[in-house]
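Please open the model in the viewer and keep the selection tool at hand.

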Amino acid sequence: MKNPYLFIAIFIMLSGCQFSNKKSDDSHNASTNTPGNTNPPLNSETINWKPVAGNATVEFDPSFSFLQFIPTLDLAELDNASKGRELFIGEWTAAPGSRPLLDGLGPLTIATACSSCHFVSGRTPSLEANGEVGLGLLFRLGDELGNHDPYYGGQLQTAATTGSSEGHVSWQFDANKKPVFTLTTNQMELAKGISLGPRLSPQLVGIGLLDLVSEQDILAREDEFDSNNDGISGRAHWRSVNGEKVLGRFGWKAMQPSLEHQSAGAFQQDMGLTTSINPNEPCTPLQTICAEQPNGGSPEVSDASLFAINDFLTLLAVPARRINDQNEFDQGSRIFADIGCAQCHQPTLTTSDSKQYPLLAKQLIYPYTDLLLHDMGEDLSDNVKEGDANPREWRTPPLWSLGLIEKVEGSRFLHDGRAATIEEAILWHGGEGSAANNNFVKLAPAEKEKLLSFLRSI
Ligand code: HEC
Ligand code: HEC
């Protein structure tokens with residue numbers, strides 16, 4: 001039986017929204033197509049708009065924002081996803097806990113629930129006004145060659161269920177309004193050359209769709225050595241999993257090749273929970289705290305739980321566009337392409353076939369990313385190499401639903417949260433993004449407003 005009105009109503013995130021809720025996604029014909037434009041991706045799909053996420057699109061509802069399931073799921077499909085939702089929002093505790101399904105947290109951890117950092121699947125406060133760092137930011141530990149700290153490992157755990165955590169981070173802006181982080185460690189100093197790599201917790205929108213985009217679709221946009229001389233040289237982040245070469249796609253540096261690996265990585269590094277993918281606690285051999293605490297099973301999170309979380313994230317819908325003025329929106333889209341934003345923030349991708357999620361197969365989606373790494377210049381470098389991605393390289397983040405986040409108190413942008421607004425985020429673009437940034441700065445105020453209004457609506 002189809003169940004079009006089943007959605008989850010746990011949090012109320014937005015109480016008011018500046019946009020009216022017009023159903024304008026499907027069949028509008030814009031008149032802005034200029035033949036002979038040399039900037040690439042003004043394709044027919046950005047002239048004849050289709051729904052933002054194909055079958056996974058849901059009418060935007062300010063009360064539910066990101067927490068709506070795809071409207072056409074049947075009850076069987078919703079069953080596992082609902083279990084996943086419980087695990088995503090559930091508070092995990094140290095073992096032995098009263099709820100074995102949710103025990104095994106720590107001993108080293110950062111948060112007690114996925115949703116503590118992915119607030120309503122949106123952004124959690126990060127750079128707090130008092131100089132404290134909120135749960136919306138965590139810290140990788142590494143150097144420019146990719147080495148981890150020998151004592152603390154590759155990520156800082158700022159909480160512990162027993163004994164002391166690894167340390168505490170505070171922040172302040174430098175003269176250029178770049179956040180500078182100060183770590184106070186609880187055991188020993190970081191090794192020489194190891195830096196903090198801040199990572200903002202992103203909104204989880206259309207994650208399952210991005211998981212389904214085929215490798216060919218991503219690789220077709222690669223241009224590692226900039227052979228077309230446009231100043232943009234996106235490259236794939238190849239990772240190795242059990243000796244196999246796989247394409248990284250999730251995280252600010254595209255470190256994780258699949259949703260399953262991303263969730264397993266989060267369980268391990270962010271919560272101290274083991275899975276069949278990552279059977280060890282986030283302790284180095286020098287740290288004895290992990291051996292001293294009872295574990296919550298081997299692994300602590302079953303494959304069934306991991307699959308349920310993946311189902312939950314995969315079957316969440318993407319909110320439809322929120323457009324006040326279709327003409328202005330079309331002009332904004334045009335400017336986005338003309339000044340070079342779309343060269344990295346590619347408007348469309350297509351999902352591949354999927355036996356597991358047939359509803360999501362072969363969908364045209366509008367995430368505004370190429371899922372490739374780009375050199376974004378020295379200002380955005382954090383001196384930490386992760387995998388094969390050097391300190392200046394970042395994966396183009398998807399931009400869909402960005403406008404919904406901007407409205408939420410405490411939301412910030414870019415990998416370390418340095419930008420308070422979408423406009424500030426653009427102004428930090430360096431390296432391969434410099435030309436687009438310069439073009440943005442040169443826009444007349446009215447054009448800039450059209451572009452920003454477009455970005456807030458996608
Ligand atoms: C301590 C905060 C924190 C917790 C807890 C946490 N996450 Fe995350 N999550 C992050 C950060 C930060 C990133 C970006 C990581 C990176 O850049 O490598 C991220 C990235 C992700 C992504 C990839 C998003 C993208 O656009 O590429 C997914 C999916 C995700 N988390 C799911 C989960 C799940 C599932 C859980 C619970 C098992 C969880 N997270 C727990 C902070 C957190
Ligand atoms: C060379 C590729 C490239 C170009 C061109 C580019 N971007 Fe980006 N964009 C990125 C990358 C990579 C990041 C993440 C950088 C970071 O966090 O350090 C980013 C981040 C952003 C963010 C913040 C996203 C978030 O989740 O916090 C916004 C907004 C954005 N870009 C908009 C634009 C606009 C508008 C343009 C055109 C003026 C543009 N970008 C041009 C690659 C690009």
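Select helix 7 and colour its buried residues: Ser305, Leu306, Ala308, Ile309, Asn310, Asp311, Phe312, Leu313 and Thr314. A residue is buried if 20 or more other C-beta atoms, placed from the backbone, lie within 10 Å of its own. Helices are DSSP runs of H or I with at least four residues, strands are E runs of at least two, and both are numbered from the N terminus. This is a predicted model, in which local features need pLDDT of at least 70, side-chain atom pairs count only at pLDDT 80 or more, and totals for chains, interfaces and linings use all residues. Residues are numbered from 1 along each chain as its sequence is written, while chains are lettered from A and ligands numbered from 1 in the order in which they are written.

Keep helix 1 and helix 7 on display. Their axes (lines fitted to C-alpha atoms over the stretch in contact, with angles from 0 to 180 degrees between N-to-C directions) come within 7 Å and cross at roughly 100°. Helix 1 is therefore roughly perpendicular to helix 7, a term for angles of 65 to 115 degrees.

Finally, select ligand 1, which is surrounded by 28 residues, the closest being Cys114, Cys117, Gly251, Trp252 and Ala266; a residue counts as near if its C-beta atom, placed from the backbone, lies within 6 Å. Helix 5 supplies the largest share of this shell, seven residues.

Key: Buried ≥ 20, exposed ≤ 12 C-beta atoms within 10 Å, placed from the backbone. Parallel < 35°, antiparallel > 145°, perpendicular 65-115°, else oblique.
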